[in-house]
Amino acid sequence: MKHSHDRQKVKQRIKITRRQRKQRGWSRRRFLLVGLTAAGTVVSVFAARPIMWVGQYVQASLEPHRDFSVQGDTPLRERAAAKGLLYGGSVHQRYLTEDVPFTQQFIRECNVLVPETQMKWFRIHPDVDRYDFSGADWLVNFAQQHKMRVRGHTLVWHHSVPTWLKQTLTRRNAEQIMVDHIQTVMKRYRGKIHSWDVVNEALDPNLRRSDGLRETLWLQSLGDSYLDIAYRAAAEADPDTMLVYNDFGLEDNSFRQSGKRQALLNLLKRWRDRNVPVHAVGIQAHWRAWENFFDPQQFRNFLKEIAAMDYKILITEFDVDDFSLPTNAQFRDRVIASLYEDFFSVVLQEPAVCGVLTWGLSDRYTWLLTEGRRGRKVTPRPLPLDDQLGRKLAWNALARSFDQTFKR
Ligand code: G3I
């Protein structure tokens with residue numbers, strides 16, 4: 001009796017294990033299937049993305065209302081000034097000493113100038129006990145002669161610092177070195193600078209820290225207090241200039257950059273709470289035409305949030321990299337102009353915006369010719385004037401945006 005009962009029990013157990021195995025096999029298969037489908041979707045979405053965006057701009061460039069027509073040939077500086085705005089570009093001293101036609105265009109179009117490297121630490125403070133103001137002095141004088149404002153760029157950055165600084169900086173001496181540098185440079189140009197990019201690019205696009213701060217030589221030596229120290233030192237050195245925090249990627253709605261906007265808003269709030277003298281946000285806005293993740297509504301709200309905390313806003317380094325767009329120049333120009341107008345029509349709705357700068361003026365001189373040159377099939381066309389100094393559709397797009405905005 002006992003024997004047959006045991007045999008039945010064993011049979012039952014075998015049945016259960018088979019069923020369990022079957023079930024497990026099913027879920028494994030299902031898991032594989034679901035996994036593969038998800039992976040496939042992700043891959044296809046990401047692979048299709050650039051194509052989608054290019055497609056979007058092919059359509060944009062063919063839209064009939066996008067004629068980019070402009071009334072008259074009034075230069076950008078006057079169109080901007082008529083609305084209480086500044087327009088200008090970055091420039092190297094060499095372009096203005098060696099290239100007369102370019103210089104004429106620069107004077108004609110710009111009412112604000114920003115030295116592209118001459119005020120950076122590696123140029124202006126090349127040795128521990130030596131400053132070299134020659135380039136910066138020259139550019140400030142040039143601007144004054146031609147009734148242009150000057151933006152100071154930049155005092156505290158992790159990039160373009162001289163080797164001596166990297167070798168010398170310690171926790172003990174960092175504050176003194178940074179404050180001395182800020183005050184020496186700012187006092188020299190006191191009363192002559194419209195706005196200073198005191199700190200540049202302090203936020204990390206990869207958001208490794210919860211506060212979003214980038215690991216820099218300054219953060220390592222002074223902790224997050226380096227930001228407050230820098231702005232307080234700057235306000236002491238020149239109490240009348242506009243003190244700006246400048247960064248890139250803030251208009252980019254991609255997953256990679258979206259956290260950066262929130263990190264900046266947190267920083268701005270922190271500065272307000274502690275009465276740190278920061279007056280404006282500089283939005284660099286270096287665009288890439290082939291992966292444009294701009295969301296107009298979201299960006300508009302972001303600008304409103306900055307303005308609500310009583311900060312001014314400047315677009316400081318706009319340009320559009322057309323790398324990997326089709327090679328046809330006319331096509332590129334239409335796409336680029338569409339992006340200019342998409343962006344500036346939103347930017348200039350915000351009353352707190354007080355100026356717009358492009359990173360250069362003519363395609364003859366753009367940082368994209370040197371940096372990021374690898375793999376380019378054709379020369380880039382990121383700026384309002386082409387390399388022959390002719391006005392492009394991007395120029396029209398900017399002119400139209402100035403014409404259509406209200407007076408500040
Ligand atoms: O002047 C030297 C020259 O003597 C030397 O032969 C040559 C060799 O590479 O280098 C020349 O200096 C270069 C300088 O530009 C002038 O062209 C530096 O190496 C180069 O690093 C420097 O690049 C600048 C870069 O910032 C770094 O400072 C770019 O011109 C400038 O457009 C770029 O600007 C930055 C903004 O400051 C911050 N936002 C992003 C923007 C674009 O990267």
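User: Which residues line the largest cavity?

Analyst: This is a predicted model, where local features need pLDDT of at least 70, side-chain atom pairs count only at pLDDT 80 or more, and totals for chains, interfaces and linings use all residues. Residues are numbered from 1 along each chain as its sequence is written, and side-chain values use heavy atoms, with hydrogens and water left out. On a 1 Å grid over the protein atoms alone, a cavity is a set of points where a 1.4 Å probe fits but cannot get out, and lining residues have an atom within 4 Å of a point. The lining of the largest cavity is V156, W157, H158, V199, N200, E201, A202, T216, W218 and Y226.

User: What is the volume of the largest cavity?

Analyst: A volume is the space filled by probe spheres set on the grid points, which are joined across faces, edges and corners. The count comes to one cavity of 30 Å³ or more. The volume of the largest cavity is about 40 Å³.

User: Where does the ligand sit?

Analyst: A pocket is an open set of grid points with protein on both sides within 12 Å along at least five of seven lines. A molecule sits in one if more than half of its atoms lie within 2 Å of its grid points. The ligand takes up the space of the largest pocket.

User: Which element gives the most to the lining of the largest pocket?

Analyst: The largest pocket holds about 1200 Å³ of space and has 46 lining residues. Elements that give two or more residues to this lining are α3 (93-98), α11 (255-273), β7 (286-288), β8 (312-321) and α14 (367-370). Helices (H or I, at least four residues) and strands (E, at least two) are DSSP runs, numbered from the N terminus. With four residues, the top contributor is α14.

User: Which side chain has an N or O atom 2.5 Å from an oxygen atom of the ligand?

Analyst: A polar contact is a pair of N or O atoms within 3.5 Å. The side chain of E201 has such an atom 3.2 Å from a ligand nitrogen. A polar side-chain atom of W359 is 2.9 Å from a ligand oxygen. The 2.5 Å pair belongs to E116.

User: Which peptide bond is cis?

Analyst: Most residues other than glycine have a negative phi, and most peptide bonds are trans. S324, in the loop between β8 and α13 (329-347), has a positive phi near 70°. T154 is in strand β3 (residues 149-156). With omega near -5°, the cis bond runs from H153 to T154.

Methods: Polar contact = N/O pair within 3.5 Å; in protein donor to acceptor, adjacent residues only side chain to side chain.
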